[in-house]
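I want to look up a few side chains and then the overall build.

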Amino acid sequence: MLLACLAMLVDALTGEPKWLYSRIKHPVSWMAAILMFLERRFNKPSRKRSVRKFLGTASILVLILLWGTAAWAAENAIKGYVVAPYSLLFVALIASVFIAARSLFEHINLVKNALDRQSLEDARCAVGMVVGRETVDLDELAVSRAATESLAENFSDGVIAPLFWLLTGGLPGLVIYKMVNTADSMIGHKTERFRDFGWASAKLDDAMNLLPARMTALLLASGAFGLRIPSAFQGLKVAFKDANLHTSPNAGWPEATIAGLLKARLGGPRTYGAGQREEYAWLGADFPETNQPDLGLALCIVKASWLALFVLLLVGGVW
């Protein structure tokens with residue numbers, strides 16, 4: 001628990017320092033580079049679907065073994081050669097690299113500031129950095145929805161899930177989760193190219209996010225309760241009602257919760273690359289369609305949830 005607290009604190013203080021990652025690539029980019037090398041080598045359209053599924057499964061398992069072993073070796077080397085409590089700090093420094101709370105808040109804050117300035121073009125550009133859909137034609141309401149959905153989902157995927165796997169599996173658990181999550185974001189799509197090769201990555205990511213996503217919903221409601229927001233329990237009510245309407249078995253939980261907390265609809269139809277329109281169910285469909293999510297309030301709720309978790313882990317670690 002103290003390790004998780006230190007990792008959260010380092011991430012909150014440093015985020016992703018540009019001076020460092022302009023000189024060396026972020027470890028996640030190393031993961032992505034190796035993954036895509038394997039994808040180009042093995043995911044040949046000429047191969048049978050069953051062969052591509054097998055090779056995709058083998059690839060992600062090899063990467064899990066590779067990165068998990070590296071993390072295990074690093075953690076044990078630090079514990080063996082660095083005197084406590086400095087060893088804990090060194091491991092926390094490495095772990096913080098795979099937690100993305102500060103960078104998430106900074107990206108969403110860019111969207112909020114652009115909307116506050118009534119600069120829709122800047123807001124579209126800023127939200128385009130954190131979502132996969134087309135943003136060029138989004139109005140203010142759609143930009144707010146997209147940013148709020150990204151905030152809720154990435155708080156689960158990029159903060160709570162990494163911490164959950166750090167707590168349960170140490171540094172190897174955290175790094176393995178990050179490898180699987182990176183693979184899902186890159187090849188876990190149901191497109192012709194990735195449907196088979198990325199099948200195992202998508203299934204593993206669903207499994208590894210099963211508990212963290214639901215824990216995120218509870219944390220978001222707790223954060224709202226701590227801020228004395230009247231709709232704190234309504235967030236969970238909407239989550240239990242609408243979460244399963246989402247195409248993902250996990251993303252619907254944090255998104256539906258934040259929809260209930262803000263009393264605004266999230267989800268709905270959207271457009272991806274090449275003008276591909278996809279129909280998604282509304283989360284919080286009982287709220288008026290014109291209700292715009294309060295992005296500032298959403299940020300406050302998520303930050304309060306982060307703080308509640310930090311205090312809980314700190315008390316548990318000291319106790």
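I started with Asp-205, which sits in helix H9 (residues 199-208); helices (H or I, at least four residues) and strands (E, at least two) are DSSP runs, numbered from the N terminus. This is a predicted model, where local features need pLDDT of at least 70 and side-chain atom pairs count only at pLDDT 80 or more, while totals for chains, interfaces and linings use all residues. Residues are numbered from 1 along each chain as its sequence is written, and side-chain values use heavy atoms, with hydrogens and water left out.

Is Asp-205 buried or exposed? I found Asp-205 buried, yet without a salt bridge. Buried here means under 20% relative accessible area, exposed over 50%, and partly exposed in between (1.4 Å probe, protein chains only). A salt bridge needs a side-chain nitrogen of Lys or Arg within 4 Å of a carboxyl oxygen of Asp or Glu. The nearest side chain of opposite charge is Lys-178, 9.1 Å away; Lys and Arg count as positive, Asp and Glu as negative, and His and the chain ends are not counted. Leaving out residues up to four places away in sequence, Asp-205 touches Tyr-177, Val-180, Asn-181, Asp-184 and Asn-250. Contact means heavy atoms within 4.5 Å.

Next, salt bridges.
I get 11 of them in the structure. Glu-75 and Lys-79 pair up at 3.8 Å, N to O. They are 4 residues apart in helix H4 (residues 49-81), so about one helical turn separates them. Glu-75 is buried at 9% relative accessible area, whereas Lys-79 is exposed at 54%.

Arg-124 and Glu-121 make another salt bridge, 3.6 Å from N to O. Both belong to helix H7 (residues 120-127), 3 residues apart, about one turn. Arg-124 counts as buried because its relative accessibility is 17%, and Glu-121 is exposed at 52%.

Arg-195 bridges to Glu-192, with the closest N and O atoms 3.3 Å apart. I also noted that Lys-241, Asp-242 and Asp-286 are joined into one network by salt bridges that share partners.

Then Phe-225, in helix H10 (residues 210-226). With 54% relative accessibility, Phe-225 counts as exposed. Apart from neighbours within four places in sequence, Phe-225 is in contact with Ala-232 and Phe-233.

Last, the whole protein.
I have 13 helices and 4 strands. Buried residues make up 50% of the 319. Of the contacts between residues at least 6 apart in sequence, 71% join residues at least 24 apart. The C-alpha trace spans about 60 × 55 × 35 Å along its principal axes.
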